[in-house]
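Thanks for passing this one along.

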Amino acid sequence: MFFIYRILINLIILISPLIILVRIINKKEDKIRFKEKFCFFSKKRGNGKLVWFHGSSVGEIVSIIPLIEKLEKKKSISKILVTSSTLSSSKVLSKFKLKKTVHQFFPVDSNTLTKKFLSYWKPSIAIFIESEIWPNMIINIKENNIPLLLLNARITKKSFNRWKNIPDTSKNLFSQFDVCLSQSKETHKYLKHLGAKKIKLFGNLKFSESDNEKNNNINNKLKKIFKFRKIWCAASTHDTEEKLSALAHKKLKKKYKDLLTIVIPRHIQRANDIINETKDLDLNVQTRSSSNKINNNTDIYLVDTYGESKSFYKICKTVFLGGSLFNHGGQNPIEAARFGCKIIHGPYVQNFTEVYKLLKTYNISFKIKNVEQLVHRIDKSFLKKTNFSKKTDKLKKLGSIILSKTYSELDNYL
């Protein structure tokens, strides 16, 4: 199986110029920095101890910021390298005020490139986030005797079913991790079946809080406008969910003339499609990236910029979480919950079963199945103001405990 994987990776490298070109055209790739994926590095390694984190995209990278902030204060660490695969994650990381931390794109997982990557960066420890399993890189990390951790480990039922079809390969890979820090009981169970040797259940690191969260990127003029409007937010939305949110807006506007709906799509590359879809419903849309001001006629405020969800969660206390009205599995609700938002979601949240179970016990999350139920729940939220401060304090305390345990575990290897 591993032999076949290496052949496929080498074939991908052969056609990679075409793949990269298409991704650049679609604005999914940096037209200069894409070379980092082929080990043409844009940053220097420097001397001293280097800690390396790797996460796939925005969610994984943001989740480790509180941990990185603590590690940056450690004098024995000279540099922190963060790698990811997406353009959006690199842009989000640049928003944080980190002194020792640099970002590079993760290399294509070929045997040659992963060896070159490790030879250049020489990490003292390698920390993969959630479900990042890259066979060539993992094997070469262990051949270099580098401690390897799986942080905030997350294995969904769907991915578990895939891995268990190749039991020898999964055991070979998952057994390479020195320790797996699981974010849920379900993942703990799956990791054990897949061959992980040492597993610890700490909880979800996304409950922890970054020092940067005290800042708000929304200017005072915009805050003032929001203050005098009825607002709710549709966040991490996927195709069809923006239209459903716009339809909910039309129905609610009959009762609330000053209504403003904030839409934060999961993939901002779809912004033009969302704009056209919204205009077809005779609604006025204003984008975050535009210099134009929101006026009294603005219906939908489309956030077509990276990494600003938190800023809107601070001022908007009713949030619909997308990826949940069709069989996608839902998006992570923790961030919105920590800021005291009432969370509305569809029936398909199987990727975050334990998180939603916890939020339901706190009476923070509410399930809906269609537009009518979405309208009803938003209306109810407007009519009944709820103070979630005590509940969010509990979540923040939980996050602090998880962060402290995770830091202590990493410190054992540093």
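**Notes on the model**

1. Let me start in a loop: Asn145 sits between α6 and β5 (148–153), where helices (H or I, at least four residues) and strands (E, at least two) are DSSP runs numbered from the N terminus. Asn145 is not a glycine, yet its phi is positive, about 55°. With a relative accessible area of 69%, Asn145 is exposed; here buried means under 20% relative accessible area, exposed over 50% and partly exposed in between, with a 1.4 Å probe and protein chains only.

2. A word on the source before going further. This is a predicted model, in which local features need pLDDT of at least 70 and side-chain atom pairs count only at pLDDT 80 or more, while totals for chains, interfaces and linings use all residues. Residues are numbered from 1 along each chain as its sequence is written, and side-chain values use heavy atoms, with hydrogens and water left out.

3. The buried ones are Pro135, Asn136, Met137, Ile138, Ile139, Asn140, Ile141 and Lys142. Their cover includes α1, β1 (49–54), α5 (111–121), β4 (125–129), β5 and α8 (167–174).

4. How does α1 pack against α6, and at what angle? Helix α1 (residues 2–25) and helix α6 (residues 135–143) meet at about 115°, with their axes 10 Å apart; axes are lines fitted to C-alpha atoms, for helices over the stretch in contact, and angles run from 0 to 180 degrees between N-to-C directions. The two helices are therefore roughly perpendicular to each other, in a scheme where angles under 35 degrees count as roughly parallel, over 145 as roughly antiparallel, 65 to 115 as roughly perpendicular and the rest as oblique. On the α1 side Phe2, Tyr5 and Arg6 meet Pro135, Asn136 and Ile139 of α6, contact meaning heavy atoms within 4.5 Å. These residues divide into 4 nonpolar, 1 polar and 1 charged; Ala, Val, Leu, Ile, Met, Phe, Trp, Tyr, Cys and Pro count as nonpolar, Asp, Glu, Lys and Arg as charged, and the others, Gly among them, as polar.

5. Leu244, Leu247, Ala248, Lys251 and Leu252 of α11 make the contact with Val371, Glu372, Leu374, Val375, Ile378 and Asp379 of α16. By type, the residues of this contact are 8 nonpolar, no polar and 3 charged.

6. Strand β4, part of the cover of α6, contains Ile127. Ile127 counts as buried, at 1% relative accessibility. Setting aside residues up to four places away in sequence, Ile127 touches Val51, Trp52, Phe53, His54, Leu149, Leu151 and Leu410.

7. Ser182, in strand β6 (residues 179–182), has a relative accessible area of 0% and is buried. Gly323 is in the loop between β12 (318–321) and α14 (334–338), and Gly323 is buried too, at 0%. Beyond four places in sequence, the residues that Gly323 touches include Ser236, His238, Glu241 and Tyr348.

8. How many disulfides does a search of the whole structure find? The search finds 0, a disulfide being a pair of cysteine sulfur atoms within 2.5 Å. The sulfur of Cys316 has its closest cysteine sulfur in Cys233, 5.0 Å away, too far for a bond. Cys341 is in no disulfide either; the nearest cysteine sulfur is that of Cys316, at 6.5 Å. Cys316 is buried, with a relative accessible area of 0%, and Cys341 is buried at 0% as well.
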